[in-house]
Amino acid sequence: MKAILNGLGFEKQSKYVRDYFFSTNMRAGIYMSIVIIVLEIWMIIRLTVKIFTDNLQSQFRQLFKTYYLNYLILLFMGTIMLVYATRYISGKTARKSTGMIIQWLFTLVCIYFGIKISLNDYSKGEQILTFLTMELFALCLLTWRPYIAFIIASLSYLYFYYRIDGMIAVNTGEHGTTVATQINFFIMWISTMMVCIAKYNTTREQALKDEDLEKINAYLSKISVEDELTGIHNMVHFRNEAEKLLGYVTTDKENIIFLFFDIENFKSYNEKYGFHEGNELLIKFAHMIDDLFKGSLVSRFSDDHFVVLTHVDGAKNIIGQLSGEIKRLQKEVHLELKCGAYKPVGDEADISLACDRARFACNSIKKHYDRTLRLYDKSLEDKFQLKHYIVNNIDNAIEKGYIKVYYQPVVSTEDGCICGLEALARWEDPNYGLLSPSSFIEILEEYRQIYKLDEYIIEAVCRDYRNSADEHRPFAPVSLNFSRLDFELCDIVGYLCETVKKYSVPKNYIDIEITESALTDQQDFLPDAIRNLRSFGYKVWLDDFGSGYSSLNVLKDYHFDVLKIDMKFLSGFTSNEKTRPILENIVRLTKELDMISLTEGVETAEQFSFLEAIGCDRAQGYLFSKPVPLDVLREKIASGELKISKEYMSA
Ligand code: C2E
Ligand code: MG
Ligand code: MG
């Protein structure tokens with residue numbers, strides 16, 4: 001039923017569908033009006049010629065009333081229709097109400113003209129073709145809702161029928177219409193209606209299809225520039241618009257700045273309150289930043305990171321305001337807003353690089369609780385260049401042998417002899433000189449390249465073992481530092497097993513250190529990886545114990561063979577009286593948990609004696625040796641500066 005009513009035009013149309021009908025009619029209106037104008041001009045010329053050739057000037061008044069007036073009205077209406085429809089289609093006017101009035105007038109005038117001419121023709125015994133043509137013209141070339149077409153058609157057919165029914169047929173001399181004429185008339189009316197309904201429904205279907213397409217297109221173009229979660233712009237939009245902006249000659253480049261925002265500790269907020277609350281916070285913050293930087297380019301970069309391209313003037317104030325807003329939203333997790341700022345130099349147009357620099361400045365103040373804003377300056381530029389150098393050159397450095405393994409001895413408190421070595425990476429670079437891990441480990445982790453270094457260190461250590469064993473030189477079990485990401489980025493355990501096999505290294509010569517901070521995320525793969533390593537016969541050590549917040553939980557959830565107590569405990573050895581009882585308790589705890597204790601960062605003999613006294617099993621630190629290349633270590637052993645357990649005198 002509903003479908004039938006819809007098909008007859010009794011439906012509520014969307015604006016899109018209404019507009020579609022209207023512009024279809026305007027397009028048809030252009031062709032129709034051109035035909036009408038040409039036709040009427042021709043009729044006027046023909047009649048005028050006839051008047052002069054047949055000398056009918058005396059009947060001009062009569063002819064004007066019957067013909068000229070109608071031709072002129074129709075010509076006038078056609079011209080109005082043509083002018084309006086052309087203006088509408090070319091976008092010069094959008095006033096649809098005027099257009100509707102013109103469409104109605106045009107239709108009524110056409111039908112009126114059809115009736116008038118055909119009545120005249122009929123009275124002379126001629127066909128009523130003009131009436132039929134005009135009906136088809138106005139009702140079927142234009143698209144009407146069927147019920148409206150029904151009203152117009154029925155009224156005009158009825159009126160026309162009523163008029164000819166009152167005439168006397170010229171050929172028969174009889175009054176009224178014949179049954180055949182009535183039937184023909186009825187069929188014509190029905191046919192007109194059928195065409196109207198069919199036309200309406202095909203146009204409507206097309207309109208609905210186009211509307212769907214339009215919606216899909218609108219959705220696609222929206223999501224291509226909009227961040228799905230927060231609804232503010234995304235980076236595609238940012239890059240495009242920022243590029244344009246920097247390209248304009250009118251842009252005051254001295255006064256623009258890229259800002260990179262990071263909500264520090266957002267991860268903890270997410271963990272504590274769940275993703276839903278985390279998302280809510282991001283949405284709120286996104287709208288705040290969008291509002292406060294109104295008129296500037298604002299986009300979500302990723303996760304809890306946002307970028308802004310704005311004027312230097314006033315930016316500092318807004319950053320301060322935003323920092324305050326974050327405090328308002330933070331609940332029980334301490335959130336800090338960090339912002340890095342980069343001022344492009346000259347005609348710089350690389351948007352990604354500019355964002356990268358602002359981000360670099362932002363990262364440089366992470367964990368500096370007193371700082372919210374950092375401008376990218378010369379000192380950061382040097383660090384930034386080094387970072388890029390590291391990321392782009394790690395493969396080359398490995399290939400060319402710039403990466404070296406340094407060994408730092410681990411000493412037994414029982415006899416003061418070396419009972420192990422820690423392998424620590426060094427990058428001996430031809431341009432930058434000796435780079436320590438603090439310059440490259442974090443960067444390689446950030447760019448997910450760390451596994452390349454760790455695989456290389458595994459191979460280098462195994463090779464060193466093999467050479468030492470072959471030459472019957474001293475070598476002690478080596479502990480290797482694994483990054484949490486190694487387990488994610490490659491099959492590090494598989495690689496270790498293969499390499500150990502390749503160089504025939506006894507498994508008790510290789511231990512694995514995993515730093516405590518790696519275990520705070522509670523990923524699923526780490527417990528399995530640790531279990532795996534132990535099942536293959538490797539000892540797993542917990543590195544930097546006490547440096548993070550999760551120490552005791554980690555001991556509860558994982559099984560480690562050795563506990564490396566972080567050097568920060570010893571750094572307060574003389575100044576902080578709490579250090580000693582804490583260390584004593586940790587050492588006792590390791591014994592209770594059946595682990596070996598090792599304290600890092602031993603720098604003085606006093607510290608070492610204390611560790612001996614409290615029963616700490618092993619010690620490592622500058623007191624014995626800094627990390628050194630293998631040949632230097634061998635020299636130290638040979639000279640007696642370092643002693644090594646008998647069992648390791650010859651590997
Ligand atoms: P870590 O594993 O905790 O290594 C101990 C760090 O403390 C080493 O720094 C070492 O030189 C330093 N150290 C040792 N004794 C003392 C001391 O008495 N006083 C002081 N102040 N420091 C001492 P390094 O070699 O700079 O390594 C830093 C960190 O980089 C390492 O911490 C480790 O987490 C990471 N790392 C080093 N090599 C590698 C590697 O090959 N792979 C991975 N994934 N990480 C590595
Ligand atoms: Mg270590
Ligand atoms: Mg450590």
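Along the sequence, the residues that donate to the magnesium ion (ligand 3) follow the spacing D-D-x55-E. The model is predicted, with local features needing pLDDT of at least 70 and side-chain atom pairs counting only at pLDDT 80 or more, while totals for chains, interfaces and linings use all residues. Residues are numbered from 1 along each chain as its sequence is written, chains are lettered from A and ligands numbered from 1 in the order in which they are written, and side-chain values use heavy atoms, leaving out hydrogens and water.

A closer look at this site names its donors (N, O and S atoms within 2.8 Å of the metal, or 3.2 Å for Na, K and Ca; water is not among the atoms, so sites may look incomplete). The magnesium ion (ligand 3) is coordinated at 2.1 to 2.6 Å by D543 (OD), D544 (OD), E600 (OE) and E600 (OE). Distant parts of the chain are linked here: D544 sits in strand β11 (residues 539-545) and E600 in the loop between β13 (596-599) and α21 (605-614), 56 residues apart. Strands (E, at least two residues) and helices (H or I, at least four) are DSSP runs, numbered from the N terminus. E600 counts as buried because its relative accessibility is 6%, where buried means under 20% relative accessible area, exposed over 50% and partly exposed in between (1.4 Å probe, protein chains only). D543 also bridges to the magnesium ion (ligand 2), 3.9 Å from the magnesium ion (ligand 3).
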